[in-house]
Amino acid sequence: MLTTLNTSYTDTRAADLAWTLGREPLPALATLDLELSGAKMQLRLLGASHQVLLEEDRGSCSETVACIPGSSTPLPLGVAKRVGDWEYEFAARVEMLTPGSFAGRAQELLALVSDHPHGLAGVFPGSPHAFTAMLAQRYEGQVRWRTWHAYPQDGQLVATRTRVGVRVPAGQGAW
């Protein structure tokens, strides 16, 4: 699903993003409710930020990647921890792109996510390559999602991936 976010694109930066687990739902500009084999999930666009709410029989999980005033937890490159009965894994990277490469990558990602039944993308009015996009799936007992946060003014694209669920033996299910 592709939507235009009813807010102006502010001068946020990739370096301003923070990561947290367990936050209460924040006000969202767009949401997508999903059910993936018994797991209830809500993808939430918070402007240049995202939040994922996940509920399953074994418990719940809330992930937020946002510009959070006063947060002392910057965006980590990787996190692996137990959340209740689940294994939680998070990874992030910042891609530096030239303006031409950025435009092509933005078009590619927006096409991928907007046409996917478990995808949500929001673009900002007035800036065609400023967007936040999310894509979810369930695979081998795990719920997985990927996100992209675009900062065209700096040529930066922040990509994250998360995996929550039962532990998969080494060498299986990598993506």
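**Salt bridges, rings and cores**

Searching the whole structure gives six salt bridges. Keep in mind that this is a predicted model.

Start with Glu95. Its salt bridge with Arg93 has the closest N and O atoms 2.9 Å apart. Is Glu95 buried or exposed? Its relative accessibility is 16%, so Glu95 counts as buried, the cut-off being under 20%. Arg93, at 38% relative accessibility, counts as partly exposed.

Glu95 also meets the side chain of Arg105 in a salt bridge, at 3.5 Å from N to O. This pair links distant parts of the chain: Glu95 belongs to strand E8, Arg105 to helix H1, which covers residues 99-114, and the two are 10 residues apart.

Arg105 has a salt bridge with Glu108 as well, with an N to O distance of 2.7 Å. How many residues separate Arg105 and Glu108 along helix H1? They are three residues apart, so about one helical turn lies between them. Glu108 has a relative accessible area of 49%, which makes it partly exposed.

Now the rings. The whole structure contains two aromatic pairs. One is Trp19 with Tyr88, a tilted pair with 6.3 Å between centres and 35° between planes. Trp19 counts as buried at 10% relative accessibility, and Tyr88 counts as buried at 0%.

Trp19 pairs with Phe90 too, again tilted, at 5.9 Å centre to centre and 35° between the planes. Because Trp19 lies in strand E2 and Phe90 in strand E8, this pair ties together parts 71 residues apart in sequence. Phe90 is buried, as is Trp19. The ring pairs therefore link Trp19, Tyr88 and Phe90 into a cluster.

Last, the cores. Which residues touch the most other members of the largest nonpolar core? Of its 33 residues, they are Met41, Leu43, Leu54, Tyr88 and Trp145. Beyond its neighbours within four places in sequence, Tyr88 has contacts that include Trp19, Leu21, Cys61, Val79 and Arg163. Another core, of 14 residues, lies apart from the largest one; among its members are Ala106, Leu110, Val113 and Leu157.

Notes. Residues numbered from 1 in each chain as written. Predicted model: local features only at pLDDT ≥ 70, side-chain atom pairs only at ≥ 80, totals over all residues. Heavy atoms only, no water. Phe/Tyr/Trp six-rings, centres within 6.5 Å; stacked < 30°, edge-to-face > 60°. Buried < 20%, exposed > 50% of the residue type's maximum accessible area, 1.4 Å probe, protein only. Helix = DSSP H or I, 4+ residues; strand = E, 2+ residues; numbered from the N terminus. Core = buried A, V, L, I, M, F, W, Y, C linked by side-chain atoms within 4.5 Å. Contact = heavy atoms within 4.5 Å. Salt bridge = Lys/Arg side-chain N within 4 Å of Asp/Glu carboxyl O.
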